[in-house]
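Visitor: I'm new to this one. Can you walk me through it?
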There are 2 protein chains.
Amino acid sequence: MFRKLSQIGEFGLIEEIRKRQSAAKDVIKGIGDDTAVVSFTQNKYLLLTTDMLMEDVHFTRSMSAQEIGHKALACNISDVAAMGGRAKYALVSLGVSAQLDVKFVTNIYRGINKLAQRFDVQIVGGDTVKSSKIVINIALTGEVEKKNLVARSGAKAGDQIFVTGKLGNSFQSGHHLRFMPRQQEAQLIVKYLKPSAMIDISDGLAADLGHIMKASKVGAILEEKKIPLRVNAKIKQALYEGEDFELLFTVPKRNLTTTALRFAQKNQFQLVGQICNQENGLMLLDSRQQHTKMPLKGFKHF
Amino acid sequence: MFRKLSQIGEFGLIEEIRKRQSAAKDVIKGIGDDTAVVSFTQNKYLLLTTDMLMEDVHFTRSMSAQEIGHKALACNISDVAAMGGRAKYALVSLGVSAQLDVKFVTNIYRGINKLAQRFDVQIVGGDTVKSSKIVINIALTGEVEKKNLVARSGAKAGDQIFVTGKLGNSFQSGHHLRFMPRQQEAQLIVKYLKPSAMIDISDGLAADLGHIMKASKVGAILEEKKIPLRVNAKIKQALYEGEDFELLFTVPKRNLTTTALRFAQKNQFQLVGQICNQENGLMLLDSRQQHTKMPLKGFKHF
C-alpha cells in the first residue's frame, strides 16, 4: 500500500507532516499560513518562512541568473509581507554543479543581494553544496508588530475582497521572475484598511482565496469583470495559474470609510468580490451575471 | 576568464559572497561562523543557521530515511550548540520526485521530528518541491544568552584545546548519520569552562581548528597521542575526514581549576593540544615527539 507523492499531492504531503507536529505554546502559527509566527518580544512576533527553487521545475539555465536569484528572495519577502510584517534576515543555500560557471552563481547572488538591499534584508549565512541541478533555498525571518499581524483565518461573511496589482500571464510575461514583493503596500494596507485576512497569490486567485476560505471557514463570490488582468492575460490564468505574488486581502465593510476607499483606489487596490457563508463555497459571478461554482484548484506542485 | 566552482572551491565561493554582503549594526556575526548572530532581546541573541543535504553527495537512497532526516536536523543543532546556544525553530524544505514512496518521505520527517522532540525544537514550516534527486534543506533558529555566546574568534596563545567524544571513522561507522548534537554538553562547557572559542567538527579536526586559528589569528599544536579515536579510526581520519560533529573548544588556562578539570574529565572532554602564536601555524606533535607542520585541509565540498 505504498503511495507515491504524485498520488497524494503537495498538500496531502503537508497534511502528513502537520499530523506529526507538536504544538508548543510559543508557536502562534505553525505550518499552514504564509509564514510561521512565533514569540519574540513584548510587542512583536518573529516570522519564519522558506522557499526552495529547483532548476527545470521553477526555472531553467536559459533564464537570467540574476532574475532567478531575485525571485528566490522575492517569494519569501512576499510571504512575510502577507502577514503584515517586514523581512529582516535571510539564509541562502545553494546547490550547484562544480562545472557551473562562477559567473552564473555570482549573478544569482547579485539578484538576491540587490533585492535584499532594496528591502533592507541582511544575508547572514547559508550553505553551498554540490548538485547536478541548481537548487536555491532561502529561509527568511521577519518581524511584525503584534497589532499588525494578519493571518488567513480572520475573514468573515460580508468582508470585501481586494487584490493589489494585476493578475494572470505571469509566467509568459516574465512577471514571476521580476516582481517586486508588496511589502510596502502591505504595511499601508495594515495601517489604513485593517484587513481581516491576507495572503499572497502564489497558487492562483482561486486557490489562494480557497486557502483563506478554508482557514476562515467562509465562502466567497468573485466578480469576473472586476478581476484586474495583466496585459494579454486571460481570466483563467488569473484564477488558476498563480505566481502573481500580489496580495489578496479581505476588509470588513465598517473599515471602508470614504477615506479608506479613496486610499485603496489611489493605490490601485481592486475590489474583486465579497466573503459569504461557508456553504456557498467559491462562486464566480460571470460577465452574463450568472453565478458558477468554482473549483479551488491552482498550481499543482506534484 | 570564466572560472568553474571546482577551481575556486566552496570557501572561495563563500568569499565571493561575503564580499557582496552589507554590514548592518544589528548583525553581530554574519557569514563565517557556525551560525549568524543577530540582535534579539536585551539579554539574548538570535542565532540563524542552515544546511542542505543532497542525495548522492551526502546520502544515498540505500540509507535509512529516518537517519537521513535525523542528520539533516542534527547538523544544524550542532551549529547552534557550538555558539553556546539552544535550538528553537526549524523550517524544513524538501525536494522529492513524484515517484518516490510516501513512506520514504514520511520516514525522513520521522527522523527529523524525533530529534526535534528530543531537543525541544519546533518544526514551524517548510516547502516541498519536485526534484529528481532528494534534497533536504533545514534552516534553524536558536537563541543564546549574550554572556554565553562563544565564537571562533576568541582563542589566545596558551589556551588549552579540548574535544568532546571521539573522532575519525565517522562515515564508515555510520556515526555521521546517528550522532546526537552536543547541545547539552555545550551548555555545560559554557557554564563551567567559559571557553574562548568553540566550533563543531564537521570538516575535520585540522580544518576546523584552522577555522578557529584564522578567526582568532593564532596558531596551534595538537598532540597526536591525545586525540581520542573512534573504534577502528585512524589518526588521519580524525584529522582530515570530518563529520564527527563533536565540539572543539579552547579554554584559557586560568579557567582550568581543579574542579573544572575534574568536570572535563568526568564528561570525557579530552585535552588535545594548545593554542600558540599565529606564526607557528598548525603543528602536530607525533608519537616520536617530533613536530610536523600540518596542512589546514579538510573535507572538500567541491
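Guide: A residue counts as buried when its relative accessible area is under 20%. Also keep in mind that this is a predicted model.

Visitor: Okay. Is Phe269(B) buried or exposed, then?
Guide: Phe269(B) has 6% relative accessibility, so it counts as buried.

Visitor: And Phe249(B), what is its relative accessible area?
Guide: For Phe249(B) the value is 0%, so that residue is buried.

Visitor: How many aromatic pairs turn up over all chains?
Guide: The search of the whole structure gives 11. One of them is Phe263(A) with Phe269(A), edge-to-face, at 5.8 Å centre to centre and 75° between the planes. Both Phe263(A) and Phe269(A) are buried. Phe249(B) and Phe269(B) also pair edge-to-face, at 5.9 Å and 90°.

Visitor: Which strands hold Phe249(B) and Phe269(B)?
Guide: Phe249(B) sits in strand S10 (residues 247-251) of chain B and Phe269(B) in strand S11 (residues 269-276) of chain B, so their pairing ties together parts 20 residues apart in sequence.

Visitor: Switching topic: how many residues does the contact take from chain B and chain A?
Guide: It takes 70 residues from chain B and 70 from chain A. About 6000 Å² is buried between the two chains, with carbon and sulfur atoms giving 65% of that area.

Visitor: How many salt bridges across that interface?
Guide: Two are found between chain B and chain A. Asp26(B) forms a salt bridge with Lys88(A), with the closest N and O atoms 3.4 Å apart.

Visitor: And residue pairs in polar contact, how many?
Guide: Between chain B and chain A the count is 10.

Note on methods:
Residues are numbered from 1 along each chain as its sequence is written. Chains are lettered from A and ligands numbered from 1 in the order in which they are written. This is a predicted model: local features need pLDDT of at least 70, side-chain atom pairs count only at pLDDT 80 or more; totals for chains, interfaces and linings use all residues. Side-chain values use heavy atoms; hydrogens and water are left out. Rings of Phe, Tyr and Trp (its six-membered ring) pair if their centres lie within 6.5 Å; planes under 30 degrees apart count as stacked, over 60 as edge-to-face and the rest as tilted. Buried means under 20% relative accessible area, exposed over 50%, partly exposed in between (1.4 Å probe, protein chains only). Helices (H or I, at least four residues) and strands (E, at least two) are DSSP runs, numbered from the N terminus. Contact means heavy atoms within 4.5 Å. Buried area is the accessible area (1.4 Å probe) that two parts lose on being put together, summed over both. A salt bridge is a side-chain nitrogen of Lys or Arg within 4 Å of a carboxyl oxygen of Asp or Glu. A polar contact is a pair of N or O atoms within 3.5 Å; within protein, one must be able to donate a hydrogen and the other to accept it, and residues adjacent in sequence count only if both atoms are side-chain atoms.
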